[in-house]
Amino acid sequence: MSHAYTPGLQVKPQILYRVRRSLPITGEVLVQLNEMVSAQQVIARTDQPGDVFPINLTNSLGIPASEVPGAMQLGEGAIVSKGDKLAQSKGIFGFFKQDFLSPVSGSIESISNVTGQVILRGQAIPVEMNAFVAGKVVEVIPSEGAVIETSAAFIQGIFGIGGESFGPLNVLTNTAQEDLLPQMISEEQRGAIIVAGRRIHGDAFSKARACGVAAIIAGGIDDQDLKEILGYDLGVAITGSEDLGITVIITEGFGEIAMATATFDLLKSHQGHGTSVNGATQIRAGVMRPEIVIPIHEQLRSAETAQKVGGGVLDIGSHVRLIRDPYFGKLGTVFKLPPEPQVLASGSKARVLEVDCETGERVVVPRANVEIVGD
């Protein structure tokens, strides 16, 4: 057999995009069914219980555990502020009393006359969930959140870092063959999602972060630049929790790789439009791709629901991207498609293909480890 079918990244000029937005614990939903919401509008909120702080008053005040309840100045459930007098020892003949001040603000959760411990619960942590995209509430999930629906242009990236960001789309290069350079970036891009056709350079990333750019979208990035940006060598299992103050989405792979023409043209056609992005990536079980969502607020026509979806027939000469370690992000062309399953290094059997990588090496990988790259 000389060909097979493989998936690819999705690039859709118009889809009906739905996203479920739920709180991590139950709380209050702030929107109603059929309500129109903006991307950053808070649709649900709750208070997450604060941290627990155990205090051993037996040791701190030098008193028996049985005397701890009597030494307490406040009872269980009382609200305290940092520095408040929490307990006081009896002293000697009423003299030399010792005070214990609360180390944190919060509430008294428990007082034990057995262990001599007092448990303080820190102040509740407010948690808010926004809509992520501008659209319509099509389902309210009681005490949890809502499902938001919108007509949107939708693009998946191959890799990303950083969580969710929002802002107007600003394409800084004229073609998909141009890199993102520091001189292209200024304070005018503060809060914007900027786009370059090809590679993100490390100094351009630093300039973008200094200027308050919300997110960067580009075709490729050098793995050494990525390491310097993060300050460590990133494993490509799960990303999205990096505290960078900026989101980065790579649409093609690692190296000087131009963005696919269809992707670049689609982004350029939405210059200035409000955009939502999420850099979270997972390439193991339960694959998660970074997403770019551009609400277009137009009536969806059925013929436009999936005009450009990645994937197709995998054949000799097909341009592919490797999407698993140890070759993650490399590009190449299919050299051979052996018809029979082969034994892998892990000892399992799978149908494989040989890929001539752009780096010059030829590798043998399972067919499930590649995806077709668009033009």
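Predicted model: local features only at pLDDT ≥ 70, side-chain atom pairs only at ≥ 80, totals over all residues.
Residues are numbered from 1 along each chain as its sequence is written, and side-chain values use heavy atoms, with hydrogens and water left out.

For the terms, I took helices (H or I, at least four residues) and strands (E, at least two) as DSSP runs numbered from the N terminus, and I counted two strands as paired if DSSP finds at least two bridges between them.

**Strands 5 and 10.** I looked up how strand 5 meets strand 10 (residues 117–122), and found antiparallel pairing over 5 bridges. Within this pairing, Asn56 has Gln117 of strand 10 as its bridge partner.

**Salt bridges.** I searched the whole structure for salt bridges (a side-chain nitrogen of Lys or Arg within 4 Å of a carboxyl oxygen of Asp or Glu), and the search gave 11. For accessibility I used buried for under 20% relative accessible area, exposed for over 50% and partly exposed in between (1.4 Å probe, protein chains only).

One of the salt bridges is that between the side chains of Arg121 and Glu109, at 2.9 Å, N to O. Because Arg121 lies in strand 10 and Glu109 in strand 9 (residues 106–111), this pair ties together parts that are 12 residues apart in sequence. I recorded Arg121 as partly exposed at 23% relative accessible area, and Glu109 as partly exposed at 41%.

I then turned to Lys85 and Asp99, whose side chains meet in a salt bridge at 3.9 Å, N to O. Lys85 belongs to strand 7 (residues 85–88) and Asp99 to strand 8 (residues 99–101), so the pair ties together parts 14 residues apart in sequence. Lys85 counts as partly exposed at 36% relative accessibility, and Asp99 counts as partly exposed at 38%.

The side chains of Glu256 and Arg199 form another salt bridge, at 3.2 Å, N to O. Here distant parts of the chain are linked, since Glu256 sits in the loop between strand 19 (247–254) and helix 5, and Arg199 in strand 17 (residues 199–200), 57 residues apart. Arg199 is buried at 14% relative accessible area, whereas Glu256 is partly exposed at 49%.

**Helix 5.** Which residues of helix 5 (residues 261–269) are buried? I found Thr263, Phe264, Leu266 and Leu267. For background, an α-helix has 3.6 residues a turn, so residues three or four places apart point the same way.

**Strands 23, 24 and 27.** Last, I followed strand 24 (residues 331–336), which runs antiparallel to strand 23 (residues 319–322) and is joined to strand 23 by 3 bridges. His319 has Thr333 of strand 24 as its bridge partner. Strand 24 is also joined to strand 27 (residues 352–357) by 4 bridges, again in the antiparallel sense, and Lys336 stands opposite Glu354 of strand 27.
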